[in-house]
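Please prepare a briefing on the structure shown below.

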Amino acid sequence: VSTKLIMQYLAAVNKGSSSLITGQILEASPILESFGNAKTVRNNNSSRFGKYLEISFDASGVICGAMTTDYLLEKSRVCTQAEGERNYHCFYELCFGLDAEEKKKYGLASADDYFYLNQGHASVLSGKDDVEDFNRTSNAMDVMGFPLVMRDSIFSTLASILHIGNLYFGKHPELGSEGSVIE
């Protein structure tokens with residue numbers, strides 16, 4: 001939260017800065033929050049990553065760019081959450097935010113239908129509007145210049161992760177421990 005407030009302040013006081021560059025810097029936050037924050041037992045919007053934000057200034061002190069480095073993601077959260085916790089917001093935002101036609105395109109159902117999203121029994125989070133946040137993240141992708149093909153790849157990857165989480169493997173009836181079947 002403090003980084004976001006500092007960025008908003010710098011963008012507001014930065015004279016002569018390109019509105020595109022300023023907009024892109026500010027719009028990075030919704031994307032990082034969607035893909036890097038999750039509900040924990042202590043916090044509904046807990047950052048599960050570490051980042052170093054480097055802001056570039058030109059010779060006259062005007063912001064001319066920014067770069068985020070060292071994005072450290074808590075990878076285990078994708079597969080496992082404790083009771084009362086949620087996976088990363090991006091998964092719920094995708095399930096709740098896509099319209100019916102887009103859900104069909106990615107083969108998506110309700111968030112509660114996915115093992116990677118239903119373990120913590122917290123698919124719906126009080127005070128968080130996943131549809132609104134999905135739209136905010138999508139708008140941020142527009143401002144950041146994400147081509148539609150890249151956005152489609154991101155959504156396909158997220159949907160694939162959810163589908164993989166619903167695969168269960170069992171012992172092959174004829175090969176025993178030498179083989180497996182998808183149940």
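Does Arg77 count as buried or exposed, and why? Arg77 counts as buried because its relative accessibility is 4%, which is under the 20% limit for burial. The model discussed here is a predicted one. The protein has seven helices and six strands, and of its 183 residues 36% count as buried.

**Overall architecture**

- Taken along the principal axes, the C-alpha atoms of the protein fill a box of roughly 75 × 35 × 35 Å.
- When contacts between residues at least 6 apart in sequence are considered, 60% join residues at least 24 apart.

**Arg77 and its surroundings**

- Arg77 is placed in the loop between β4 (63-69) and α3.
- Leaving aside residues up to four places away in sequence, Arg77 touches Ala38, Lys39, Thr40 and Arg48, and also Glu85, Arg86, Asn87 and Tyr88.

**Helix α3**

- Helix α3 (89-97) is mostly covered, with eight of its nine residues buried.
- The buried residues in α3 are His89, Cys90, Phe91, Tyr92, Glu93, Leu94, Cys95 and Gly97.
- Of these, Cys90, Glu93 and Leu94 are also among the residues that line the largest cavity.

**Packing of α6 against α7**

- Helix α6 (residues 130-143) packs with helix α7 (residues 148-165) at an angle of about 140 degrees, and their axes are 11 Å apart.
- The crossing in which α6 passes α7 is right-handed.
- On the α6 side the contact involves Phe134, Ser138, Met141 and Asp142, which meet Arg151, Ile154 and Phe155 in α7.
- By class, the residues of this contact of α6 with α7 comprise four nonpolar, one polar and two charged.

- The structure holds one cavity of 30 Å³ or more, and the largest cavity has a volume of about 50 Å³.
- The lining of the largest cavity consists of Ser34, Phe35, Cys90, Glu93, Leu94, Phe134, Thr137, Met141, Phe155 and Leu158.
- Helices α2 (19-36), α3, α6 and α7 each supply at least two residues of this lining.
- Seven nonpolar, two polar and one charged residues make up the lining of the largest cavity.
- Phe134, Met141 and Phe155 take part in the contact of α6 with α7 and are also among the lining residues of the largest cavity.

- His121 lies in the loop between α5 (115-118) and α6.
- His121 is classed as exposed because its relative accessible area is 63%, which is over the 50% limit.
- The C-alpha atoms of His121 and Gln81 are separated by 9.4 Å, although the two residues are 40 residues apart along the chain.
- Asn166 lies in the loop between α7 and β5 (169-172).
- With a relative accessible area of 27%, Asn166 is partly exposed, since this value falls between the limits for buried and exposed residues.
- Asn166 and Phe115 are 51 residues apart along the chain, yet their C-alpha atoms are separated by 5.8 Å.
- Not counting residues up to four places away in sequence, Asn166 touches Asp113, Tyr114 and Phe115.

Definitions and conventions: Residues numbered from 1 in each chain as written. Predicted model: local features only at pLDDT ≥ 70, side-chain atom pairs only at ≥ 80, totals over all residues. Heavy atoms only, no water. Axes fitted to C-alpha atoms, helices over the stretch in contact; angles between N-to-C directions. Helix = DSSP H or I, 4+ residues; strand = E, 2+ residues; numbered from the N terminus. Left-handed = near helix turned anticlockwise from the far one by under 90°. Contact = heavy atoms within 4.5 Å. Nonpolar A, V, L, I, M, F, W, Y, C, P; charged D, E, K, R; others polar. 1 Å grid on protein atoms, 1.4 Å probe; cavity = no way out; pocket = protein on both sides within 12 Å on 5 of 7 lines; lining within 4 Å. Points joined across faces, edges and corners; volume = space filled by probe spheres on them. Buried < 20%, exposed > 50% of the residue type's maximum accessible area, 1.4 Å probe, protein only.
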